[in-house]
Amino acid sequence: MADFYTRMKTYREKLNLSQKKLAEKVNVSRETIVRLEQGKYNPSLKLAVDIAKELHAGIEDIFVFAKSEEAYSDCAASADRPQDFHSE
C-alpha cells in the first residue's frame, strides 16, 4: 500500500507564505496546514485543489502517494524543477 507524502512546505516556502497566510487563503486553520505538512492529515479533494492553486502547482506535485520513502525522495527532487501550471 502506498504512503501519503506532501511537498506543501517546499512550495509554500518558495512563495514566502507562512502557514497562517496559506491557511487564511484556503479557509482552514493553521493547525490543519501543520498537520498536512506533517503527513498526519489527508485533505479533501476540494482542499487539495485549493492548496495547489495557491501554491501555483498541480495536485500531483504537492501530494504524492509512494510505496516507500525512497520512491518519494526520487520524485521529491522534481519540486525543485520549474512547473508549468496554468489555473483556469
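Guide: Helices (H or I, at least four residues) and strands (E, at least two) are DSSP runs, numbered from the N terminus. This is a predicted model, in which local features need pLDDT of at least 70 and side-chain atom pairs count only at pLDDT 80 or more, while totals for chains, interfaces and linings use all residues. Residues are numbered from 1 along each chain as its sequence is written, and side-chain values use heavy atoms, with hydrogens and water left out.

Visitor: In which helix does Glu37 lie?

Guide: Glu37 belongs to a helix that covers residues 30-37.

Visitor: Is Glu37 buried or exposed?

Guide: The relative accessible area of Glu37 is 17%. Buried means under 20%, exposed over 50% and partly exposed in between (1.4 Å probe, protein chains only). Glu37 therefore counts as buried.

Visitor: Which residues does Glu37 touch, not counting those up to four places away in sequence?

Guide: A contact here means heavy atoms within 4.5 Å. With residues up to four places away in sequence set aside, the partners of Glu37 are Thr6, Met8, Lys9, Arg12 and Gln19.

Visitor: At what angle do H2 and H3 pack?

Guide: Helix H2 spans residues 19-26, and its axis runs 8 Å from that of H3. The axes are lines fitted to C-alpha atoms over the stretch in contact, with angles from 0 to 180 degrees between N-to-C directions. On that basis H2 and H3 meet at about 110°.

Visitor: Which residues of H3 make the contact with H2?

Guide: On the H2 side, the contact is made by Gln19, Lys20, Leu22, Ala23 and Val26.

Visitor: Where in the structure is the loop residue Asn27, and what is its relative accessibility?

Guide: Asn27 lies in the loop between H2 and H3. Its phi is near 60°, a positive value in a residue other than glycine. Most residues other than glycine have a negative phi. Asn27 counts as exposed, because its relative accessibility is 70%.

Visitor: What is the phi of His56?

Guide: His56 is placed in the loop between helix H4 (45-54) and H5. For this residue, which is not glycine, phi is positive and near 55°.

Visitor: How many residues apart in sequence are the parts tied together by Phe4 and Phe63?

Guide: The structure holds 1 aromatic pair, formed by Phe4 and Phe63, which are stacked at 5.9 Å centre to centre with 15° between the planes. Rings of Phe, Tyr and Trp (its six-membered ring) pair if their centres lie within 6.5 Å; planes under 30 degrees apart count as stacked, over 60 as edge-to-face and the rest as tilted. Both Phe4 and Phe63 are buried. Phe4 is in strand E1 (residues 3-6) and Phe63 in strand E2 (residues 63-66), so the pair ties together parts whose separation in residues is 59.

Visitor: How far apart in space are Asp61 and Thr6, C-alpha to C-alpha?

Guide: Asp61 is in helix H5, residues 59-62, and counts as buried because its relative accessibility is 14%. Although Asp61 and Thr6 are 55 residues apart in sequence, their C-alpha distance is 8.5 Å.

Visitor: What pattern does the chain follow along the sequence?

Guide: The chain has 88 residues, of which 36% count as buried. Its secondary structure comes to 6 helices and 2 strands. Read along the sequence, these elements give β-α-α-α-α-α-β-α.
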